[in-house]
Amino acid sequence: MTQTLTIVDHPLIKHKLTILRNKETPTAHFRQVLREISFVLGCETTKDLALGEIEIETPLEKISAPYLEGKKLCLVSILRAGNGLIEGLLDLIPSARVGHVGLYRDHETLEAVKYYFNMPEDLSERQVIMVDPMLATGNSAIAAADELKKAGARQIKFLCLVAAPEGVEQFSKAHPDIPVITAALDRELNDKGYILPGLGDAGDRIYGTKS
Ligand code: URA
């Protein structure tokens, strides 16, 4: 498919994703497990952060030890389901800034239309991690990345939980420079744009807005 796609292979991720896929999983448990899985996915997404060295003293001796060079990060939630991944990522990277982008689909043109966009001012200096649990058609992720680039973002990664082959294809055609990290590449989209087998509507599963 594409060399920009990473499917994170870890037993904890597989186990947690099974819980999320299960329609019997109640809302509170769904949210908790989403928080846990996003923590683990966040480790993979940030694995190339630059390290420097600092001198410290352990109780026994002086050493030069690895230390994050202070790369500035900005997590960007694609509303609303993206918010479900933010808490776990902030557990991992508490100092990250958080931007939000809201898009809706115009029923006539079928284009994604921006209704909300709020980012830190120094976006161009930050490594951006854009998040949305589902990469389905790719339309909203493509539009969100377009907006981020317009706002000056230069280094972007896209973290999702479940991706459809159609969405990965579309997204990497539109933004070949943006690596995609996911927990699973599912079979296909259905005619309503849901991922199969998927986990249903991620926003509804997180917020309990449909039963
Ligand atoms: N958005 C979702 O929440 N779920 C899907 O399966 C596809 C898009």
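## A salt bridge between Glu 44 and Lys 47

In this predicted model, Glu 44 and Lys 47 form a salt bridge, and their closest N and O atoms are 2.9 Å apart. Glu 44 has a relative accessible area of 22%, so it counts as partly exposed. Lys 47 reaches 62% relative accessibility and is therefore exposed.

Begin with Asp 204, which sits in helix α6. Asp 204 is buried, since its relative accessible area is 11% and the cut-off for buried is under 20%. If neighbours within four places in sequence are set aside, the residues in contact with Asp 204 are Arg 80, Thr 209 and Lys 210.

Two of these contacts are also salt bridges. With Arg 80, the closest N and O atoms of the pair are 2.8 Å apart. Arg 80 is partly exposed, with a relative accessible area of 36%. With Lys 210, the salt bridge of Asp 204 has its closest N and O atoms 3.6 Å apart. Lys 210 is exposed, at a relative accessible area of 63%. Elsewhere, salt bridges with shared partners link Lys 72, Asp 122, Glu 125 and Arg 126 into one network.

## Two cis peptide bonds

Most peptide bonds are trans. With that in mind, take a look at the bond between Leu 79 and Arg 80: it is cis, with omega at about -5°. Arg 80 is the loop residue between β4 and α3 that also forms the salt bridge with Asp 204.

Another cis peptide bond runs from Leu 196 to Pro 197, again with omega near -5°. You will find Pro 197 in the loop between β14 (195-196) and α6.

## How α1 and α2 pack

Now turn to helix α1 (residues 11-21) and helix α2 (residues 27-45). Their axes are 9 Å apart, and the helices pack at an angle of about 155°. Angles over 145 degrees count as roughly antiparallel, and α1 and α2 are therefore roughly antiparallel to each other. The crossing of α1 past α2 is left-handed.

Which residues of α1 and α2 make the contact? From α1 come Ile 13, Lys 16, Leu 17, Ile 19 and Leu 20. From α2 come His 29, Phe 30, Val 33, Leu 34, Glu 36, Ile 37, Val 40 and Leu 41. Sorted by type, the residues of this contact are ten nonpolar, one polar and two charged.

## How α4 and α5 pack

The axes of α4 and α5 come within 9 Å and cross at roughly 20°. Angles under 35 degrees count as roughly parallel, and α4 and α5 are therefore roughly parallel to each other. Their crossing is right-handed.

On the α4 side, the residues that meet α5 are Ala 141, Ile 142 and Ala 145. They face Gln 170, Phe 171 and Ala 174 of α5. The residues in this contact divide into five nonpolar, one polar and no charged.

One last stop takes you back to helix α2, where Gln 32 is found. Is Gln 32 buried, partly exposed or exposed? Its relative accessible area is 39%, so Gln 32 is partly exposed.

Gln 32 and Ile 206 are 174 residues apart in sequence, yet their C-alpha atoms are 9.5 Å apart in space.

Terms used
Residues are numbered from 1 along each chain as its sequence is written. This is a predicted model: local features need pLDDT of at least 70, side-chain atom pairs count only at pLDDT 80 or more; totals for chains, interfaces and linings use all residues. Side-chain values use heavy atoms; hydrogens and water are left out. Axes are lines fitted to C-alpha atoms, for helices over the stretch in contact, and angles run from 0 to 180 degrees between N-to-C directions. Helices (H or I, at least four residues) and strands (E, at least two) are DSSP runs, numbered from the N terminus. Angles under 35 degrees count as roughly parallel, over 145 as roughly antiparallel, 65 to 115 as roughly perpendicular and the rest as oblique. A crossing is left-handed if the near helix is turned anticlockwise from the far one by less than a right angle, and right-handed if clockwise. Contact means heavy atoms within 4.5 Å. Ala, Val, Leu, Ile, Met, Phe, Trp, Tyr, Cys and Pro count as nonpolar, Asp, Glu, Lys and Arg as charged, and the others, Gly among them, as polar. A salt bridge is a side-chain nitrogen of Lys or Arg within 4 Å of a carboxyl oxygen of Asp or Glu. Buried means under 20% relative accessible area, exposed over 50%, partly exposed in between (1.4 Å probe, protein chains only).
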